[in-house]
Amino acid sequence: MAEIIDTRIEPDRAIERACAVLSDGEPVAIPTETVYGLAADATNADAISRIYEMKGRPRFNPLICHVSDIAMAEAHVTFDPVSRQLAEAFWPGPLTLILPQRPESTVHALASAGLDTLGIRMPDGFSRRVIARFGRPLAAPSANTSGKISPTSAAHVEADLGSKLKLILDAGASEIGLESTIIKVEDGKLRLLRPGGLDAAAIEALTGLAVERPESAGATIEAPGMLASHYAPGAAVRLDAEDVRKGEALIRFGGKALPGESDAVIVMDLSPGGSLREAAANLFDYMKKADASGAATIAFGPIPNEGLGEAIIDRLQRAAAPRA
Ligand code: TXA
Ligand code: MG
């Protein structure tokens, strides 16, 4: 079983142990502000292999490299002016940039799945301190079995991967609760490869450039991890429910009751007061709770398609997609 260290109680021991396990070429589950990550030394091929093994993740799906400062990023990737502006404004934070990897970068090709670009981000919170001490980038996907719901607490990680892991750092619930927004700048244009915890409108406001969306989620697999079915609970998923059917679990938004909900197995509201930020932070935990209720179907009430609603709806559509 995994050892769990609470970073709020023993920060120094948490960093020491994490660096020791990482130096041994073993992954460590680390808290970031988006979701918990399964982190390994991005320059060590064996360590990266362990991530793919533990998650059961296809090896064509590249990993995000996490850095503690811009100088560490610059040792591995080249910034165009717009990407630099984004990094300076939004790092540390829930933004991943896809940038050309430098020839002298020591990040192993297994992390980038052989692409000539790297997904790179500077996370906020305790994980950044771990990276700073370790001194090298950490490759880290979300710390869940491939295709399943991402973890927003140490308990989520333990329930899914605890038997395979040596160490989990616990910093409490992830503040944002959705994975980072992924942006690729091409010919001065901003392409949104994955909506996430940074609202695309904030990116447009900063740069004065339009953020271009792919035609439809999963239509082209530009970020190779964007397979249509993902975030899949055990239960079936029904979106935009206007009523609740007998035996369903209900997850709604905005505090408004739906007809039939007294027959639901469980009713949860992502944000009774209608805050999309609060809804994002609760989403994955509530999906896991609804799944654990034993309901055969989870019904979701409508979510407004604005701001962080875009990323929430993206995750729900993948959760509802036909399973492979
Ligand atoms: O918030 C997050 O981004 C979390 C935390 C742990 O940082 N990480 C995360 O990683 O969500 P993961 O592996 O679940 O998703 C990484 C996504 C995948 O869709 C992958 O295909 C894409 O990033 N990606 C990574 N490198 C890429 C590259 N060079 N080009 C295009 N897409 C890339
Ligand atoms: Mg993931």
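**Exercise 1. Polar links across the interface**

Determine how many residue pairs are in polar contact across the interface of domain 1 and domain 2 in this predicted model.

Solution. Step 1: take the domain bounds, which the domain assignment gives as 3-212 for domain 1 and 236-320 for domain 2. Step 2: count the pairs across this interface with both residues at pLDDT 80 or more; the rule finds four in polar contact. Step 3: classify the residues on the side of domain 1 that touches domain 2, which gives nine nonpolar, seven polar and four charged.

**Exercise 2. The salt bridge**

State how many salt bridges cross the interface of domain 1 and domain 2, and identify the partner of Arg315 in a salt bridge.

Solution. Step 1: the search across the interface returns one salt bridge. Step 2: Arg315 pairs with Glu179, and their closest N and O atoms are 3.0 Å apart. Step 3: a salt bridge requires a distance within 4 Å, and the value of 3.0 Å for this pair meets that cut-off.

**Exercise 3. Extent of the contact**

Describe the contact between the two domains by separation, residues and buried area.

Solution. Step 1: the C-alpha centres of domain 1 and domain 2 lie 27 Å apart. Step 2: domain 1 contributes 20 residues to the contact and domain 2 contributes 15. Step 3: about 1,400 Å² is buried between the domains, with 62% of this area from carbon and sulfur atoms. Step 4: on the domain 1 side, the most area is lost to domain 2 by Ile149, Leu178 and Pro195, which together account for 42% of what that side buries.

**Exercise 4. The cavity**

Locate the largest cavity relative to the two domains.

Solution. Step 1: the count gives one cavity of 30 Å³ or more, and the largest cavity holds about 50 Å³ of space. Step 2: list its lining, which includes Thr181, Pro195, Asp199, Leu308 and Glu310. Step 3: sort the lining residues into six nonpolar, three polar and two charged. Step 4: the largest cavity lies between domain 1 and domain 2, because both give residues to its lining.

Technical notes:
Residues numbered from 1 in each chain as written. Chains lettered and ligands numbered in written order. Predicted model: local features only at pLDDT ≥ 70, side-chain atom pairs only at ≥ 80, totals over all residues. Heavy atoms only, no water. 1 Å grid on protein atoms, 1.4 Å probe; cavity = no way out; pocket = protein on both sides within 12 Å on 5 of 7 lines; lining within 4 Å. Points joined across faces, edges and corners; volume = space filled by probe spheres on them. Nonpolar A, V, L, I, M, F, W, Y, C, P; charged D, E, K, R; others polar. Domains from an automatic or database assignment. Contact = heavy atoms within 4.5 Å. Buried area = accessible area lost by both parts, 1.4 Å probe. Salt bridge = Lys/Arg side-chain N within 4 Å of Asp/Glu carboxyl O. Polar contact = N/O pair within 3.5 Å; in protein donor to acceptor, adjacent residues only side chain to side chain.
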